[in-house]
Amino acid sequence: MISRDTAERTDGSRGLIAVIGVVGGVVGGLIGGGSGVLYVPALDRFTSMSRIRIHGTSTIAAIGVCGAGAAAYAVAGGALDLRIGAGMTVGGIIGGAIGPKLLARASETLLRVLLVVILLLTAAKFFVDALGIGLFTHAVVPPGLIENLWFVVPATVVVGVVIGAWAGAMGLGGGLLAVPALVLLFGVELHVAAGTSLLMFVPNSIVGGVVHLRQGTASSRWGWLLGLTAVPGVVVGALIGLALDAVVLGVVFGTFALAMAVREIVQLARGRH
């Protein structure tokens, strides 16, 4: 009997997927995760997997991206905000177990629409910052509450559950949600937010990947290939991200998010016709 992974393997080139893994690693290291916005359309184009299995496979790949990225930020001198990140990490683990189960019940169109909304909001936030309009000069949460452990611990856990469920379901690495949340809600500096986001999603992607494999909504073959080949790219991306000015990094983040949103909108339009 031919396994599902073997059947899917015939549609893609291992070398091409490996190259995509490296490029996605650069993206993940640069913006604090989010390699899935490249992996998901790439797997959609070059394999025969269903959309649900594509998202699950990307979750497995995120293990390599986030693990290598967090290590690269730590070794290269990038700061990590453990005060905010610890609670979000705990919440992310819980969300990682919930997300794949929610994904199994979602339609492909809904997945694409949700992704477009998040990408557009993220792009808008960083472009507004770059223009200096001043809409996001202060964190949503007042500094006094951020200093209060009785508030910040449960608040960050709740935020982590929501983002972790999304990341575990969508396989996007979580950076496209976690980084803006860290910056907007808690006032974390962008470079610190990128490293903290990568650290947060190490356990989330492990939990989400295991759940996806158990329920059959992921390909271990493609997931591990992407994750392993992403490692050198992640290191390069992290070093570039740390070297860039915060405004420049924000523009890079926003431009990438906008490009991926346009790509998904085009795919939705083609699907309707």
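Ground rules first. This is a predicted model, where local features need pLDDT of at least 70, side-chain atom pairs count only at pLDDT 80 or more, and totals for chains, interfaces and linings use all residues. Residues are numbered from 1 along each chain as its sequence is written, and side-chain values use heavy atoms, with hydrogens and water left out.

The fold. The chain has 12 helices and zero strands. Helices here are DSSP runs of H or I, at least four residues long, and strands are runs of E, at least two, numbered from the N terminus. Of the 273 residues, 52% are buried. Buried means under 20% relative accessible area, exposed means over 50%, and partly exposed lies in between, with a 1.4 Å probe and protein chains only.

How far along the sequence do the contacts reach? Take contacts between residues at least 6 apart in sequence: 84% of them join residues at least 24 apart. A contact is heavy atoms within 4.5 Å.

Now the helix pair. Two packed helices are described by the angle between their axes and the distance between the axes. Helix 4, residues 51-75, and helix 10, residues 190-215, have axes that come within 7 Å and cross at roughly 145°. Axes are lines fitted to C-alpha atoms over the stretch in contact, and angles run from 0 to 180 degrees between N-to-C directions. Which residue classes meet there? The contact of helix 4 with helix 10 has 14 nonpolar, 10 polar and no charged residues. For the classes, Ala, Val, Leu, Ile, Met, Phe, Trp, Tyr, Cys and Pro are nonpolar, Asp, Glu, Lys and Arg are charged, and the others, Gly among them, are polar.

On to the cores. A nonpolar core is a set of buried Ala, Val, Leu, Ile, Met, Phe, Trp, Tyr and Cys residues joined through side-chain atoms within 4.5 Å. The largest has 47 residues, and Ile84, Met88, Leu119, Ile163 and Phe186 touch the most other members. Several helices give two or more residues to this core, including helix 5 (82-103), helix 6 (108-131) and helix 8 (149-170). Which helix gives the most? Helix 9, with eight residues. Apart from this core lies another, of 17 residues, among them Ala18, Leu43, Ala61 and Val234.

Look at Ile163. Beyond its neighbours within four places in sequence, Ile163 contacts Met88, Gly174, Leu177, Ala178, Ala181, Met200 and Phe201.

Val159 sits in helix 8. Its relative accessibility is 17%, so Val159 counts as buried. Leaving out residues up to four places away, Val159 touches Met88, Ala181, Leu185 and Phe186. The C-alpha atoms of Val159 and Met88 are 6.4 Å apart, across 71 residues of sequence.

Next, Gly29, in helix 2. Buried or exposed? Gly29 is buried, because its relative accessible area is 0%. Its C-alpha is 4.2 Å from that of Ala238, 209 residues away along the chain. Outside four places in sequence, Gly29 contacts Tyr73, Val234, Gly237 and Ala238.

Last, Ala42, in helix 3, residues 36-46. Ala42 is buried at 9%. From Ala42 to Ile17 is 8.0 Å, C-alpha to C-alpha, with the two 25 residues apart in sequence.
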